[in-house]
Structure formats: structure tokens, C-alpha cells
Amino acid sequence: MTTVIKNGYLFVGGQIMQADLLVKDGLIAAIGTSLTGDSVINAEDKLVSPGLVDVHVHYRDPGQTEKENVQTGSLAAAHGGFTTVCAMPNVVPVPNTPELMTKMVRNNDQNGLVHILQYGPITIDEDTDEIPDYAQLKKAGCVALSNDGKGVQNARTMYLAMQKAQENNLIIAEHAQDDALFNHGVINEGQKAKKLHLAPITELAETTQIARDLLLAQKTGVHYHVCHVSTATSVELIRIAKSRGINVTCEVAPHHLLLEEENITGDDAKFKMNPPLRTKRDQAALIAGLLDGTIDMIATDHAPHTAADKQGGFAKAAFGIVGSETVFSELYTKFVKTGIFTLSQLLTWLTIAPAESFGLKKAGKIAIGQPADIVIFNLGKKITINTADFKSKGRNTPVKGDTVYGQTVLTMVDGKVVFQIEENK
Ligand SMILES: [Zn+2]
């Protein structure tokens, strides 16, 4: 069985070129002109990209499947053009034993529409300093380690975790947060916090822990990955660390690129996430950090919640917004169409960069012999972001109602179509 994707604009080897792409037995078999196959997908005037890669999603499965599960989360990913995602381990129970990890991996494989790789925890759970058996977790299929949602508070625990991770060749992906400095804040420390009379989050809660961890990473040699960097100082610290040869990578979340605290229109939890929306200066530093290579990739931090969990404004609502289904069209519209990023840069940060950083050899590129993980975007199609169209159970997003370009037409995983837009949509 062969399928040919005809006449699209392919993103191959960092370039965009017009060509056909032949899929055979789930793999990319040929790239060229006038290719033929048993079935044909017409991609004329469309962008044919490697399936996007997201190293930061929350699927709440098991434990909080009223918020999301592996089926809905992965269908949302496919709807957004993602074909490989890495799921955070802050589920119930935390997969901190080989048995639980095996169960997670099996659920991801059996019920996921895209490739779902599973993080294991840095510590047994977020409130202990006990380190699980990383070798066993890795054997059971764990892709990397993270306590995302919480920072590792104890420096010695982090030091030991990094040593063990390094021995096992596992990445430590840190949600950098010092809880004492965080001090139960709900919004960035600044004018908005004052105006809305809300508990502030100092940027020091993030930056001091990054500084600490960079020194620990330097000593241990571990691959230290910083989740969702959100401040100018974080970018500067990572820039210095990279220049000194420290093995560090980092991601930025789309909302921190798209929005800053002045965009918060009121006490509305659609703007509540952790880390919070920072200042215009921070936003500019994140954009500059991507452009100069300090920031390696974009990752969504897709964090679905029920409508009830997002009630009560900043003071009461849960942290987190959904991102999988809007990231490409939002960033394409706000950054590529305006000339701030090139299309190749944006695609690189969403495909090959995360795949290479995380050692995901089968993801993130169109090349002969690679799995046929492909997304086709219609860049000319103007759409309005309507949360009723979401496949995720989570509907909370500050970009609702935005008019954007770049509709996902079709997503293919291992040569099989897992998402396709309905006609006339
Ligand atoms: Zn986080």
C-alpha cells in the first residue's frame, strides 16, 4: 500500500521545496517529482511539514481524566499538527516504579493517536526527596525525567538526581520554581498584580533555581533542560551557561511569546498559568532568545482543566491553559506573517530542534526511511479560534476568538491518517 502526497511545499533539511512525497508501509519512501501511489493526497498550495514535536504536555491520565485523557489529548495534538509528544508524569499515581511506568507506556501506545513518550519523575513524588530507580524506569520506557508542576526544592536532592540521571543518560527537565520565593503567588509581580490586588510571583522564584541548577549541571555534566523559561534573566543565565559549555537546553511556551502581563484584561483565569505572563521586556527577551539560539525549542505546556477548575479568577482557579490546537496557527500568524520569524525557523523550533535535543531519532524530519509522520497545513486559510472545535477536553485559552492563518488539513502518523479536517470547515 502506497500513498503519494502530491505537489506540496515540503519542509526538508531546513528548506522549503515543492515536491511529491511517497509513503510506503508507514515510512517515507521517496521525495521527488511525478511520483505515483495507490492513493493520492492533493497538497497543492499547502505546506507539508514533519509532524510537530512537543516535549511538554499534560494528559492527566490516569487520575484526572475528567480534565483530559490519552485519547482526547492525543487527538488534540493531531489536530494541532503534532505527531510526537512527551507527557509529564504529574498524574495519579506518579509513574515512579517500573510497573507503573510500563502501564503508562502501554496506555500511551494503545490509546494514543500520536506517539506519546512518557516522562518519569525526578523524585518519587513532588513532596519527597527520594529518588526512584532511574535505570529501571528507563528500561520500562521512560524518555526523560521531570517533576513538572513543581520545582525540586532541595539542592542536594537535585545534585544527586542529576548524578544518577547522568549515569543513566537521562535528561533532567526542570520546572524551575523555588516555593519559598513563589510564596503562593498567582500572577507576575508588577503593575497588574497591584491593580488587581493579587498575590505576586517574583521572577526570582524561577531565576534563582535556574542559576542553582546550571551550577549543578556544570558539575555533573547532566543534560539539564529548562521547561518554559519565562524571564529575560532566565534567558541571560542560559546564554552564559551555553557559552561556558554547560549541557543545557530550554523551551519557551507559546503563550509567553504571544502575550505579556499588559494583555491581561481583568481577573480572568484564562490568563493564569505557571510561570505567569511576564513583562513586555521579558517577552522581547524570549523572542530574542529563540532568534539567537539560546532558546532551543517551543513546547506548549498543554495543561487542560475542567471549566469548574478555571472558575474563581486568579486567586482560586488552577494554573494552566491548553495549547496543542492553537500553537502553530497563532505563531505562524503573529510571528511569521509579520516577518519576525521565518517559516523555516518556526518549523525548526517545532520539529527538528526538540527531536534532536531529546534524542528522538524517529521524529521531527522528512527523510527517506523515517516514519511517515506528516502534517499538512493550509497557510492561506483564515480561521477563527473556536474552542467548540477543540478535541481536547480543556477549553481554557486566552487566544479564543483570534483570527489566524494556518489550518491543519491532515495529520498522518506512521503513514496512517489520524486527523483530517472536514470538508467546508
Ligand atoms: Zn511547569
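1. Which residue of strand 9 does Y119 stand opposite? In this predicted model, the residue that faces Y119 across the pairing is A144 of strand 9. The two strands concerned, strand 8 and strand 9 (residues 142–146), run parallel and are joined by 3 bridges. Strand 8, helix 3 (residues 134–139) and strand 9 together make a β-α-β unit, and its hand is right-handed.

2. On its other pairing, strand 8 (residues 115–120) is joined by 4 bridges to strand 7 (residues 82–87), and these two strands also run parallel. Two of the residue pairs can be named here: T84 stands opposite H115 of strand 8, and A87 has Q118 of strand 8 as its bridge partner.

3. The zinc ion is coordinated by D148 through OD, by H175 through ND1 and by H228 through NE2, at 2.1 to 2.2 Å. Along the chain, the donor residues follow the spacing D-x26-H-x52-H. Because H175 lies in the loop between strand 10 (172–174) and helix 5 (179–182), while H228 lies in the loop between strand 13 (224–226) and helix 8 (232–243), this pair ties together parts that are 53 residues apart in sequence. H175 and H228 are both buried.

4. Where does D148 sit in the fold? It is found in the loop between strand 9 and helix 4 (155–167), and D148 is classed as buried because its relative accessible area is 2%, where the cut-off is under 20%. Beyond its neighbours within four places in sequence, D148 is in contact with H56, H58, M88, N90, H175, C227, H228 and D301, so that its contacts include the other two zinc donors, H175 and H228.

5. For "active site", UniProt lists D301, again in an unreviewed entry. D301 has its place in the loop between strand 15 and helix 11 (313–316), and it is buried, with a relative accessible area of 8%. Leaving aside neighbours within four places in sequence, the residues in contact with D301 are H56, H58, D148, H228, N274 and I321, among them the zinc donors D148 and H228.

6. A further "binding site" annotation in UniProt, also from an unreviewed entry, covers H58, Y59, R60, N90, N274, H305, F319 and G320. The lining of the largest pocket takes in H58, R60, N90, N274, H305, F319 and G320 from this set. Within this group, N274 is found in the loop between helix 9 (254–258) and helix 10 (280–291), and at 14% relative accessibility N274 counts as buried. Apart from neighbours within four places in sequence, N274 is in contact with H175, Q177, F182, H228, D301 and F319, a list that includes the zinc donors H175 and H228 as well as D301, which UniProt lists for "active site".

7. Is V152 buried or exposed? At 3% relative accessibility, V152 counts as buried, and it is found in the loop between strand 9 and helix 4, where D148 is also found. Leaving aside neighbours within four places in sequence, the contacts of V152 are I122, N147, T157, M158, E174, Q209 and R212. The C-alpha atoms of V152 and N183 are separated by 15 Å, and these two residues are 31 residues apart along the chain.

Conventions: Residues are numbered from 1 along each chain as its sequence is written. This is a predicted model: local features need pLDDT of at least 70, side-chain atom pairs count only at pLDDT 80 or more; totals for chains, interfaces and linings use all residues. Side-chain values use heavy atoms; hydrogens and water are left out. Donors are N, O and S atoms within 2.8 Å of the metal (3.2 Å for Na, K and Ca); water is not among the atoms, so sites may look incomplete. Buried means under 20% relative accessible area, exposed over 50%, partly exposed in between (1.4 Å probe, protein chains only). Two strands pair if DSSP finds at least two bridges between them. A crossover is right-handed if, with the strands pointing away from the viewer, the path from the first strand over the helix to the second runs clockwise. Contact means heavy atoms within 4.5 Å. UniProt positions are given in the numbering used here, feature names are shortened, and annotations may be inferred rather than shown by experiment. On a 1 Å grid over the protein atoms alone, a cavity is a set of points where a 1.4 Å probe fits but cannot get out, and a pocket is an open set with protein on both sides within 12 Å along at least five of seven lines; lining residues have an atom within 4 Å of a point.
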